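I opened this notebook to keep track of what I looked up in one model. The entries follow the order in which I checked things.

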Amino acid sequence: MKSTELVNLLRERMPSRQLEWRFDREKDMVHIRHAALQKGMSLSLPQVINRYQAKGDAAIEEIVYTITETFNAMEKEAEGQLGSSEHIYPVIRSTSFPLESKEGHKFITMEHTAETRVYFALDAGTTYRLIDENVLNSLSLTEDQLKEIAKFQVKKLTTKLKEDHVAGNIFYFLNENDGYDASRILNEAFLKDMKTKIAGDMTVSVPHQDVLIIGDIRNETGYDVLAQMAMHFFTNGKVPITSLSFVYDKDVLEPIFIMAKNRPTKENDKK
């Protein structure tokens with residue numbers, strides 16, 4: 001599929017008069033602007049084409065859904081429907097994720113680990129809007145108040161787990177697809193409770209936004225399985241975070257580097 005064909009296909013799937021499309025042939029991107037809101041987004045066409053080649057029409061459906069729901073969230077924000085503190089949640093991103101919006105507004109963030117950073121979001125039901133300084137002002141909240149609200153809200157998220165046994169090790173998967181699966185890593189009470197159930201080493205992985213993996217690692221094979229699993233999820237996630245996992249011990253998350261047939265080394269043990 002060529003870039004021009006993809007743009008035409010997306011326009012057919014989203015026939016809104018409010019959306020203005022501009023194809024940047026030089027950068028191979030399409031810029032989509034909401035006429036009424038005077039806001040928009042940019043889409044890298046080669047990335048979508050690669051996903052289309054791998055997943056077919058499902059990739060087109062995913063991007064159409066994402067674009068549509070993002071503009072829906074913008075409309076709700078403009079109408080003042082996202083102002084309640086009950087709609088505020090923390091989200092996990094990699095440390096390479098941008099620190100400001102495309103409009104130049106600084107995102108509200110909080111340090112987490114060497115591999116991850118905490119952002120904050122206004123939930124709109126099927127999507128959310130990351131909170132920047134401009135949005136924070138409209139909420140009439142301080143940064144500290146925002147962070148306390150998010151910390152409380154993440155504790156309200158369900159923590160239902162699926163369990164899998166591999167070569168004497170146990171892996172627990174949390175995958176609610178609510179946009180905040182990785183955010184459960186911030187639920188300290190949840191992690192402490194899981195620690196009491198773990199017989200071996202407790203690991204925590206957030207390879208992408210929509211999954212959290214807790215490992216009860218009891219032998220060296222478990223670490224090899226964990227490394228492959230984390231990389232697989234990281235590669236296939238829509239919002240990848242980190243392929244590294246963390247050892248959870250004494251209420252601290254420590255990034256680890258897993259080498260085949262070996263136990264992990266902590267990041268500060270690297271030379």
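Entry 1. I began with R184, which lies in the loop between β9 (169-174) and α6 (188-195). Helices (H or I, at least four residues) and strands (E, at least two) are DSSP runs, numbered from the N terminus. The model is predicted, so local features need pLDDT of at least 70 and side-chain atom pairs count only at pLDDT 80 or more, while totals for chains, interfaces and linings use all residues. Residues are numbered from 1 along each chain as its sequence is written, and side-chain values use heavy atoms, with hydrogens and water left out.

Entry 2. Is R184 buried or exposed? R184 counts as buried because its relative accessibility is 0%; buried means under 20% relative accessible area, exposed over 50%, partly exposed in between (1.4 Å probe, protein chains only). I then found that the R184 side chain reaches the backbone oxygen of Y180 at 2.9 Å. Leaving out residues up to four places away in sequence, R184 touches several residues, including V154, L174, F190 and L212; contact means heavy atoms within 4.5 Å.

Entry 3. With residues up to four places away in sequence not counted, L212 touches, among others, R184, I185, F190 and V204.

Entry 4. I looked up the largest nonpolar core, and it has 31 residues. Such a core is a set of buried Ala, Val, Leu, Ile, Met, Phe, Trp, Tyr and Cys residues joined through side-chain atoms within 4.5 Å. Those with the most contacts inside the largest core include I185, V204 and L212. Apart from it lies another core of 20 residues, among them V7 and M41.

Entry 5. I searched the whole structure for aromatic pairs and noted 5. Rings of Phe, Tyr and Trp (its six-membered ring) pair if their centres lie within 6.5 Å; planes under 30 degrees apart count as stacked, over 60 as edge-to-face and the rest as tilted. F97 and Y119 have ring centres 5.2 Å apart and planes at 80 degrees, so I wrote the pair down as edge-to-face. The two are 22 residues apart, and the pair links distant parts of the chain. F97 is partly exposed at 27% relative accessible area, whereas Y119 is buried at 0%.

Entry 6. Last, I noted the chain totals: 7 helices and 14 strands, with buried residues making up 44% of the 271 residues.

How values were computed:
A polar contact is a pair of N or O atoms within 3.5 Å; within protein, one must be able to donate a hydrogen and the other to accept it, and residues adjacent in sequence count only if both atoms are side-chain atoms.
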